[in-house]
Amino acid sequence: MITKNKLLKFAFFVVSIACFIAIGVCFITDIVLNDQITWAVYPFICVPFFWLLVSTLLLAAKHRIPCFIIVFSIAVFPFLSLLEHATPVHGWYKPLGFPLAVLSAISLVVTYILLRFTKINKLYLSAFLVLYYGVVFSTIVRIFVARFLHQGFFTIDIAINTLACIGVAVLLAVIGYSKNKPAKPLEHTENPQEQTETPEA
């Protein structure tokens, strides 16, 4: 009998083989085309990071999401550091990669706690998450990127994105309020009038 556990282990085996083959193909192609290793270093760094996250979801029998968050929060720092050394542009890890990785890890932890351990109305919570990730989180990311690149912060797409997220959040909050609102009891105006029939003479 094929159990869920066996299917997950088989999926892990398939993903592992696929990742190993992908890295090998990239290295062979890079060497054949360029006579040296150039761009193949990027999949060599990124694919193991992807494999680690997927493997955590497949092999963690219980508490998959918290295990995923823990693994991501730890592995993202060496991943970004290695990626910085592989890219031709250096010096972006400390001012850009590290603070955004910290922000992402904290955001994932807070989101999981809110979804798992609070009894907040799901639509209210969805509205909050839309506002946070669509406005606050994305704005902080843009600020760090703009400072690093020495560019202006405000663009028209930021305004459109902010207005759209606020609109979606308000809509979700209104729907949540309407569903949460207790229904008014029906007012029964019953005025029974007993009509007595007079006997015919």
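## Close-up views of a predicted model

**View 1. Helices H1 and H2 pack side by side.** Helix H1 (residues 4-34) and helix H2 (residues 41-59) pack with their axes 10 Å apart, at an angle of about 180°. H1 is therefore roughly antiparallel to H2. On the H1 side, the contact is made by Leu8, Ala11, Phe12, Val15, Ser16, Cys19, Ile23, Cys26 and Phe27. H2 brings Pro43, Phe44, Val47, Pro48, Phe50, Trp51, Val54, Ser55, Leu58 and Leu59 to the contact. Please keep in mind, here and in the views that follow, that this is a predicted model.

**View 2. Tyr93 and Phe98 form an aromatic pair.** A pair of aromatic rings is described by the distance of the centres and the angle of the planes. The structure holds 11 aromatic pairs. One of them joins Tyr93 and Phe98, with 6.1 Å from centre to centre and 70° between the planes. Because planes over 60 degrees apart count as edge-to-face, the pair of Tyr93 and Phe98 is edge-to-face. Tyr93 is buried, at a relative accessible area of 14%, whereas Phe98 is partly exposed, at 39%. For another pair, look at Tyr112 and Phe117: their ring centres are 6.0 Å apart and their planes stand at 85°, so this pair is edge-to-face too.

**View 3. The surroundings of Tyr93 and Phe98 in helix H4.** Tyr93 is placed in helix H4, and Phe98 lies in helix H4 (residues 93-117). What does Tyr93 touch, leaving aside its neighbours within four places in sequence? Its contacts are Phe77, Leu80, Ser81, Glu84, Phe98 and Pro99. Phe98, with such neighbours again left aside, is in contact with Phe77 and Tyr93. The C-alpha atoms of Tyr93 and Leu83 are separated by 8.8 Å, and these residues are 10 apart along the chain. Phe98 and Val76 are 22 residues apart in sequence, with 9.0 Å from C-alpha to C-alpha.

**View 4. Arg116 lies over the face of Phe117.** Arg116 is 5.3 Å from the centre of the Phe117 ring. Is Phe117 itself buried or exposed? With a relative accessibility of 57%, Phe117 counts as exposed.

View 5. Not counting residues up to four places away in sequence, Ser138 touches Tyr132, Tyr133 and Asn161. Its relative accessibility is 18%, so Ser138 counts as buried.

**View 6. Helix H6 and its buried residues.** Helix H6 (residues 156-180) has 25 residues, which at 1.5 Å a residue should span 36 Å. The C-alpha atoms at its ends are 36 Å apart, in agreement with that span. The buried residues of H6 are Ile158, Cys165, Ala169, Leu172 and Gly176, and they pack against helix H5 (122-149).

Technical notes:
Residues numbered from 1 in each chain as written. Predicted model: local features only at pLDDT ≥ 70, side-chain atom pairs only at ≥ 80, totals over all residues. Heavy atoms only, no water. Phe/Tyr/Trp six-rings, centres within 6.5 Å; stacked < 30°, edge-to-face > 60°. Buried < 20%, exposed > 50% of the residue type's maximum accessible area, 1.4 Å probe, protein only. Lys NZ or Arg CZ within 6 Å of the ring centre and 35° of its normal. Helix = DSSP H or I, 4+ residues; strand = E, 2+ residues; numbered from the N terminus. Expected span 1.5 Å × (residues − 1). Contact = heavy atoms within 4.5 Å. Axes fitted to C-alpha atoms, helices over the stretch in contact; angles between N-to-C directions. Parallel < 35°, antiparallel > 145°, perpendicular 65-115°, else oblique.
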